[in-house]
Amino acid sequence: MFTRISKPIRIFLISVILISIPLFIFPINIFKGMIIYKSNIVEVPIKTNLSLSYFIGMGYEDKDLEGIKDFYLLPEGYFFCFIVLIGIPGLLAYRMYLKGKDS
């Protein structure tokens, strides 16, 4: 599969996978988000850090969701997620491209 793909693209894909696995499996709360709590009539939004694992259903118990109507990432959270999942692997791949170009 990887025989026809250049080295920088391989580095990019592998680093995206290696960075994504812990972020989507473990509850690492580093992305800015919002949790909407619902109590009786009132909905209370609270800014907090969220993990990407919450969005695929990992890292929390069902009882942890009691009273929570919704949770989502804020624009800063999406930006940081993009930087971590795409930006850093892109810089690594670009570095490999420049290294191969010098040879």
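Predicted model: local features only at pLDDT ≥ 70, side-chain atom pairs only at ≥ 80, totals over all residues.

Trainee: How many bridges join strand 1 to strand 2, and do they run parallel or antiparallel?

Mentor: In general, strands of a sheet pair through backbone hydrogen bonds, either parallel or antiparallel. Here strand 1 and strand 2 run antiparallel, with nine bridges joining them. For one spot to look at, find lysine 32: asparagine 49 in strand 2 stands opposite.

Trainee: What is the order of the strands in the open sheet?

Mentor: Read across the three strands and you get 2-1-3, with antiparallel pairing. Strand 2 (42–50) and strand 3 are at the edges with a single partner strand each, so one side of each has no neighbour in the sheet. On average, neighbouring strands are turned by 20 degrees against each other, ignoring direction.

Trainee: Where does helix 2 lie?

Mentor: Look across strand 1 and strand 3: helix 2 lies over both, running at about 140 degrees to strand 1.

Trainee: Which residues make up the largest nonpolar core?

Mentor: The idea is to look for buried nonpolar residues joined through side-chain atoms within 4.5 Å. In this model the largest such core has eleven residues, including Leu23, Phe31, Leu52, Leu73 and Leu85. Strand 1 (31–39), strand 3 (68–73) and helix 2 (75–102) each supply at least two of its residues. Helix 2 gives the most, with three.

Trainee: Is leucine 23 buried or exposed, and what is it in contact with?

Mentor: Buried means under 20% relative accessible area. Leucine 23, placed in helix 1, has 8% relative accessibility, so leucine 23 counts as buried. Beyond its neighbours within four places in sequence, leucine 23 is in contact with several residues, among them Ile28, Phe31, Leu52 and Val84. Serine 53 is 30 residues away in sequence, yet the C-alpha atoms of leucine 23 and serine 53 are 6.5 Å apart. Leucine 52, for its part, is in contact with residues including Phe24, Leu73 and Cys81.

Trainee: What about serine 20: buried or exposed?

Mentor: Serine 20 also lies in helix 1, and serine 20 counts as buried because its relative accessibility is 15%. A polar atom of its side chain lies 2.7 Å from the backbone oxygen of valine 16.

Trainee: Which elements have the lowest and highest mean pLDDT?

Mentor: Strand 3 has the lowest at 89, while helix 1 (residues 7–25) has the highest at 94. The chain averages 88, with 93% of residues scoring at least 70.

Key: Residues numbered from 1 in each chain as written. Heavy atoms only, no water. Buried < 20%, exposed > 50% of the residue type's maximum accessible area, 1.4 Å probe, protein only. Helix = DSSP H or I, 4+ residues; strand = E, 2+ residues; numbered from the N terminus. Contact = heavy atoms within 4.5 Å. pLDDT = per-residue confidence, 0-100. Polar contact = N/O pair within 3.5 Å; in protein donor to acceptor, adjacent residues only side chain to side chain. Pairing = 2+ DSSP bridges. Axes fitted to C-alpha atoms, helices over the stretch in contact; angles between N-to-C directions.
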